[in-house]
Amino acid sequence: MNKPIAIVFLVAGIVLLVFGFTSADSIGSHITKFFSGHPTDKAMWLLIGGAVCTAIGLIGLARTGKA
């Protein structure tokens with residue numbers, strides 16, 4: 001994986017995580033948590049997507065050598 005692509009994945013993952021944490025801390029998510037015990041689906045998908053993109057970016061940056 002090229003380093004610029006890995007950096008894009010890393011930045012996108014961090015952005016998604018920030019949006020996910022913000023969405024999980026919203027009023028709607030608090031109301032949903034009160035009744036169901038879980039945050040909203042949107043917050044969960046943002047957090048999962050952010051974690052996956054961040055992991056892909058970190059793995060891409062950690063790989064050295066040409067293959």
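The buried residues of helix 3 are Ala43, Leu46, Leu47, Gly50, Cys53, Thr54, Gly57 and Gly60, where buried means under 20% relative accessible area, exposed over 50%, and partly exposed in between (1.4 Å probe, protein chains only). They cover an arc of only 165 degrees around the axis, which puts them on the same side of helix 3; the arc is that of the directions from the helix axis to the C-beta atoms. This is a predicted model, in which local features need pLDDT of at least 70 and side-chain atom pairs count only at pLDDT 80 or more, while totals for chains, interfaces and linings use all residues. Residues are numbered from 1 along each chain as its sequence is written, and side-chain values use heavy atoms, with hydrogens and water left out.

**Overall form**

- The protein chain contains 3 helices and 0 strands, and helices (H or I, at least four residues) and strands (E, at least two) are DSSP runs, numbered from the N terminus.
- In sequence order the pattern is α-α-α.
- The protein chain is more spread out than a compact globule, because its radius of gyration is 15 Å, well over the 11 Å that the globule rule gives for 67 residues. That radius is taken over C-alpha atoms, and the rule is 2.2 Å times the number of residues to the power 0.38.
- The C-alpha trace spans about 50 × 15 × 10 Å along its principal axes.

**Surface and contacts of the chain**

- Among the 67 residues of the protein chain, 24% count as buried.
- The protein chain exposes about 4,900 Å², and carbon and sulfur atoms supply 75% of that area. Accessible areas come from the Shrake-Rupley method with a 1.4 Å probe; for residues, only the protein chains shown count as cover.
- Of the contacts in the protein chain with a separation of 6 or more, 70% come from residues 24 or more positions apart; contact means heavy atoms within 4.5 Å.

**Helix 3**

- Helix 3 has 22 residues and reaches 31 Å from its first C-alpha to its last, close to the 32 Å expected at 1.5 Å a residue. The expected span is 1.5 Å times one less than the number of residues in the helix.
- Asp41, Trp45, Ile59 and Ala62 are exposed on the other side of helix 3.
- Helix 1 (3-24) is included in what covers the buried residues of helix 3.
- Threonine 54 lies in helix 3 (residues 41-62) and counts as buried at 13% relative accessibility.
- Not counting residues up to four places away in sequence, threonine 54 touches Phe9, Leu10, Gly13, Ile14 and Leu17.
- Glycine 60 is also found in helix 3, and its relative accessibility of 3% makes it count as buried.
- Glycine 60 and leucine 46 are 14 residues apart in sequence and 21 Å apart in space, C-alpha to C-alpha.

**Helix 1**

- Helix 1 has 22 residues, and its first and last C-alpha are 31 Å apart, close to the 32 Å expected at 1.5 Å a residue.
- Ala6, Leu10, Gly13, Gly20, Ser23 and Ala24 are buried in helix 1. Seen down the axis, the buried residues of helix 1 fall within an arc of 155 degrees, so they line one face of the helix.
- On the other side of helix 1, the exposed residues include Pro4, Val8, Phe19 and Thr22.
- The cover over the buried residues of helix 1 includes helix 2 and helix 3.

**Helix 2**

- Glycine 28 sits in helix 2 (residues 27-36) and is partly exposed, with a relative accessible area of 38%.
- Glycine 28 and proline 39 are 11 residues apart in sequence, and 8.9 Å separates them in space, C-alpha to C-alpha.
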